[in-house]
Amino acid sequence: MTMPRWLRPLLLLLACAMAFVTAPPALAGEPLRIGSKRFTESYLLAEVLAQTVRADDPSAAVELRQGLGNTAIVHAALKAGSIDVYPEYLGTIEREILGHPATGAPLAQLQAELRPLGLAIGVPLGFNNGYALAMRSAQARELGIASLSDLRAHPALRFGLSNEFLGRADGWPGLSKRYGLPQSPTGLDHGLAYRALADGQIALTDVYTTDAQIAALDLKVLADDARFFPRYDAVLLYRLDLPRRHPRAWAALQTLEGRIDERAMIAMNARAEMDKQPFDVIARDFLAGAGPGGGAAAAASATLAASPSSSASPSSSAAPSPSARAGFWARLAGPDLGRLTLQHLTLVLGSVGLAALAGVPLAVALHPWPRWRESLLAVCALLQTVPSLAMLALLIWALNRIGPVPALVALTLYALLPVLRNCTVGLSEVPEGLTTAARALGLTRGQVLREVQLPLALPVMLAGLRTATSLSVGTATMAAFIGAGGYGERIVTGLALNDQTLLLAGALPAAALALLLEGAFGALAWGLVRRRGG
């Protein structure tokens, strides 16, 4: 049977999408891939690592994969070789990655346990960033709460904790058991928790001890009187073969040992979260020796210096610089807009193309068998109920990789239902009398399908592709959580920084793309109607 004409553009589109997704790096040689988790400090440290390598060797190929998600996702990416190194914390390695019931094991033991996984610890950066619980100072004074033990007497307090903290062994499960806390916390994004705390929507949240918002919002960090939280000294977690594959880059990264203290880290976090300065600018200033001072950063540094618990040495100082808060239009039309648009468009069109290539033949093949057809539609409908982040996590585990490929597979699975359903409905609406007459004229089954059924079903099938495309534009923003790029990069970063301007700079282009594709499908449908009328 000859391929229908309308399938040829989809095949070409699919080939282009797969070529883009699977294309090797444009630069000669394998790049050094640096990852980060989805919170401000991790973004900053990854940028510091990348700029350190580039400063030593301007020709070095360095690929930054920012905001990949929580510990489980970034660790999976490291094991799979999708990244080579990322900033991590000893307490997290010991409790979350190696599964120790307690902390304090010698570094040599941790290295021995990581070696079979192909991983190693190196380059202690010089600061400890531990977990803590914090609440507004005024409320803490009013209720007489100074330590975590005091929370037992206030069961009605509303806790809003980050989703990762709720599930970590060194987070809420262990903490609530150690202190016997009766509260039932609500999960929310870490970047949004501070706003909720400041607005009085929650009474308490988990914080990192180097968060700049602690000083900015006048929060009371509750004393860990039962000594539950371990130390979280910042280190690099890397693949064992990294020093061999990138010896010069590894030598450059080792120069960072001990260079970042708590004061410097708090000040850099402040520049990102409160002064809204770009990560690359903050990292460049720090490495240039200008220090992270200025604006909110200086206030954060001064607060830390006055804290009796601070034992960090002073970091380099510089003249204060004004806030570099970029305007909305500058963010919207930033230099990354073209790259993000290409990535987002590739994910959307590639997934819809794949769904069409799989869904249309399946719908045609199963059209004569209603029971099998309905079973397949039920399976596709069931896939729609799987949350997108859960689907992405499952595919990372199944494919043992992060990036565009698992994102493309997930989006294809979500796009299958509208494609299959509309193709089935379109074929079912073709009058039986027309197909019978065609067969009576001597047309083969394939000719009836090509010349009668598919042309008549095409408007309904096109509506299915239209729906799948609109859904994929929105769902594709989630792909940024696993390093697949697209407009979701801005949205994820905006969430981490609680930056509404950056959130809008990611959401509005996605909405514009959806409207553009909707208009294209509308024009195509109008063209089909006009052609038929002619």
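Reader: Let's start with Lys-276: is this residue buried or exposed?

Author: This is a predicted model, so take what follows as a reading of that prediction. The relative accessible area of Lys-276 is 10%. The cut-off for burial is under 20%, so 10% falls on that side. Lys-276 is therefore buried.

Reader: And where in the chain is Lys-276 found?

Author: Its backbone is worth a look too, as phi of Lys-276 is near 60 degrees, a positive value in a residue other than glycine. For background, most residues other than glycine have a negative phi. As for the place, Lys-276 sits in the loop between helix H13 (262-273) and helix H14 (279-287).

Reader: What phi does Val-123 have?

Author: Val-123 lies in the loop between strand S4 (119-122) and S5. With 6% relative accessibility, Val-123 counts as buried. Val-123 is not a glycine, yet its phi is positive, at about 55 degrees.

Reader: Staying with S4, how far apart are the C-alpha atoms of Ala-120 and Leu-240?

Author: Ala-120 is part of strand S4 and is buried, at a relative accessible area of 5%. Leaving out residues up to four places away in sequence, its contacts include Leu-236, Leu-237, Tyr-238 and Leu-240. Ala-120 and Leu-240 are 120 residues apart along the chain, but their C-alpha atoms are separated by 5.8 Å.

Reader: Zooming out, what share of the contacts with a separation of 6 or more comes from residues 24 or more positions apart?

Author: The chain has 24 helices and 10 strands. Of its 534 residues, 49% count as buried. Among contacts with a separation of 6 or more, the share from residues 24 or more positions apart is 77%.

Reader: In the open sheet of 3 strands, which strands stand at the edges?

Author: The order in this open sheet is S8-S5-S9, with antiparallel pairing. An edge strand has a single partner strand, so one side of it is left without a neighbour in the sheet. That describes strand S8 (205-208) and strand S9 (219-221).

Reader: What is the bridge partner of Ala-134 in S9?

Author: Strand S5 (residues 131-136) pairs with S9 in the antiparallel sense, over 3 bridges. For Ala-134, the bridge partner in S9 is Val-221.

Reader: Which helix packs on the sheet?

Author: The helix touches S5, S8 and S9. Its direction makes about 120 degrees with that of S8. The helix covers residues 190-198 and is H9.

Reader: Where does H22 bend?

Author: Helix H22 (residues 445-475) would span 45 Å if it were a straight helix of 31 residues, but it spans only 38 Å between its end C-alpha atoms. H22 bends by about 55 degrees, and a proline, Pro-459, follows the bend residue within four residues. That bend is at Leu-458.

Reader: How many disulfides does a search of the whole structure find?

Author: Cys-380 is buried, with a relative accessible area of 3%, and Cys-423 is buried too, at 1%. A disulfide needs a pair of cysteine sulfur atoms within 2.5 Å. Across the whole structure, the number of disulfides found is 0.

Notes
Residues numbered from 1 in each chain as written. Predicted model: local features only at pLDDT ≥ 70, side-chain atom pairs only at ≥ 80, totals over all residues. Heavy atoms only, no water. Buried < 20%, exposed > 50% of the residue type's maximum accessible area, 1.4 Å probe, protein only. Pairing = 2+ DSSP bridges. Helix = DSSP H or I, 4+ residues; strand = E, 2+ residues; numbered from the N terminus. Contact = heavy atoms within 4.5 Å. Axes fitted to C-alpha atoms, helices over the stretch in contact; angles between N-to-C directions. Expected span 1.5 Å × (residues − 1). Bend = angle between axes of the 7 residues up to and from the residue.
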